[in-house]
Amino acid sequence: MASLKDMRNQIASVKATQKITKAMQMVAAAKLKRAQDAAENARPYAARMAAVIANLAKGVSGDGAPVLLGGNGSTQNHLVIVSTSDRGLCGGFNSQIVRAARDYINGLIADGKGVKIITVGRKGNDQLKRQYADRIIATFDMSAHKVLTLDAVQPIADAAVAEFNDGRADVVTLFYSRFKSVISQVPTPKQLIPAQIDAVEEPSTGSDAVYQYEPSEEEILETLLPRNLTVQILSSLLENTAGFYAAQMSAMDNATRNAGEMIKAMNLKYNRKRQAQITTELIEIIAGAEAI
Amino acid sequence: MADKLHVSLVTPEKELFSGDVDQVIAPGTEGEFGVLVNHAPFMTTLAEGAVVILDGDKRRVFNVRGGFADVNASGMTILAEHAEEYVETVH
């Protein structure tokens with residue numbers, strides 16, 4: 001049976017934990033705002049890039065298309081990039097991404113395809129290496145970069161393109177968490193190679209107009225596609241970061257609330273016990289007085 | 001605005017400039033070029049250099065590195081990998 005002092009200590013310790021979770025929640029909220037802004041600011045660039053490529057792709061579809069766009073005709077070897085966070089305390093955020101990726105990977109393996117994995121972020125690596133240690137070919141830790149920039153994600157794109165160019169991968173898919181809203185992040189696969197061109201029709205560009213290219217159409221596409229890959233990865237990672245802070249915020253909010261409930265229950269128990277003890281003492285005193 | 005060129009300069013970090021201007025001079029990989037309103041559809045990759053945006057007697061200069069420019073009927077879009085505004089000292 002815990003003594004009153006033990007209970008007091010326990011309540012104090014839960015209160016201290018609550019303070020920490022509360023502080024973490026507020027930090028996450030502040031960082032979420034910044035991450036959301038960053039993701040939002042990157043969107044016009046990615047959107048324009050996609051529009052331009054879609055425009056270009058119309059002209060060069062067919063056999064002449066660069067392999068990054070059209071693929072190399074095979075789907076035998078897959079490279080899966082799994083992007084998670086570097087830190088935890090964010091509820092099921094990372095597990096969700098990893099689960100989605102794992103389902104996909106297992107499906108591919110069942111189909112007899114070759115699968116290689118690149119992990120971005122420590123948490124995903126920790127979870128995936130238990131099962132696929134021999135398939136992980138590279139791991140990127142983004143925690144060193146305070147702000148995600150194109151330069152920061154370039155190595156990831158380079159690694160993916162190298163795998164593709166060397167024929168070790170035919171299809172490259174990125175798993176990340178799409179930031180749907182603060183309370184909802186959806187693990188989403190995004191196919192990077194061959195490039196997925198959304199049919200975005202820019203309004204009133206006069207698609208019949210003859211474009212003039214400098215240098216040639218193919219050459220532009222040749223330089224644009226790897227860049228587009230980097231931009232796609234960057235915008236996905238930025239969304240991931242925003243999603244991570246959102247998940248952390250709600251996880252910490254839950255923790256704070258749970259701690260509050262726990263403190264309430266413990267206080268009740270503590271007070272009952274204290275009253276019982278006082279009553280017992282009173283009875284003893286009265287009994288002692290009567291005995292005289 | 002039929003007599004003005006709509007131009008937007010975007011980097012992955014943010015949209016640096018967006019508006020209607022008279023003329024834009026940009027460093028293409030095959031030579032510097034100027035764009036006025038109603039330019040023919042044109043696309044080029046960019047070299048490292050300065051993008052000059054002229055509007056009336058206002059003049060803004062951005063240093064860009066890597067990227068490309070797309071000119072079509074709806075205006076001009078410069079997608080730069082790195083760009084920052086160059087603040088000119090008064091001569």
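Asn125(A) sits in helix 4 of chain A, which covers residues 122-132. Keep in mind as you look around that this is a predicted model. Is Asn125(A) buried or exposed? With a relative accessibility of 12%, Asn125(A) counts as buried, because the cut-off for that class is under 20%. Setting aside neighbours within four places in sequence, the contacts of Asn125(A) are Thr119(A), Ile136(A) and Thr139(A).

Staying in chain A, let us turn to a pair of helices. Helix 5 (residues 150-165) packs against helix 6 (residues 217-291) in chain A, with an angle of about 120° and axes 9 Å apart. That angle makes helix 5 of chain A oblique to helix 6 of chain A, because 65 to 115 degrees would be roughly perpendicular and over 145 roughly antiparallel. The crossing of these two helices of chain A is right-handed.

Which residues of helix 5 of chain A make the contact? They are Leu150(A), Val153(A), Gln154(A), Ile156(A), Ala157(A) and Val161(A). From helix 6 of chain A come Leu229(A), Thr230(A), Val231(A), Ile233(A), Leu234(A) and Leu237(A). By class, the residues of this contact between helix 5 and helix 6 of chain A are ten nonpolar and two polar, with no charged ones.

Now over to chain B, where strand 7 (residues 58-72) pairs with strand 5 (residues 42-45), with strand 6 (residues 49-55) and with strand 8 (residues 75-86). The table sets out these pairings.

| Strands of chain B | Bridges | Direction | Residues standing opposite |
|---|---|---|---|
| strand 5 and strand 7 | four bridges | antiparallel | Met43(B) and Asp70(B) |
| strand 6 and strand 7 | seven bridges | antiparallel | Asp55(B) and Lys58(B) |
| strand 7 and strand 8 | eleven bridges | antiparallel | Asn72(B) and Gly75(B) |

Strand 6 and strand 7 of chain B form a hairpin with two residues between the strands. What phi does Gly56(B) take in this hairpin? Gly56(B) has a positive phi near 60°. Strand 7 and strand 8 of chain B also form a hairpin, again with two residues between them.

Technical notes
Residues are numbered from 1 along each chain as its sequence is written. Chains are lettered from A and ligands numbered from 1 in the order in which they are written. This is a predicted model: local features need pLDDT of at least 70, side-chain atom pairs count only at pLDDT 80 or more; totals for chains, interfaces and linings use all residues. Side-chain values use heavy atoms; hydrogens and water are left out. Buried means under 20% relative accessible area, exposed over 50%, partly exposed in between (1.4 Å probe, protein chains only). Contact means heavy atoms within 4.5 Å. Two strands pair if DSSP finds at least two bridges between them. Axes are lines fitted to C-alpha atoms, for helices over the stretch in contact, and angles run from 0 to 180 degrees between N-to-C directions. Angles under 35 degrees count as roughly parallel, over 145 as roughly antiparallel, 65 to 115 as roughly perpendicular and the rest as oblique. A crossing is left-handed if the near helix is turned anticlockwise from the far one by less than a right angle, and right-handed if clockwise. Ala, Val, Leu, Ile, Met, Phe, Trp, Tyr, Cys and Pro count as nonpolar, Asp, Glu, Lys and Arg as charged, and the others, Gly among them, as polar.
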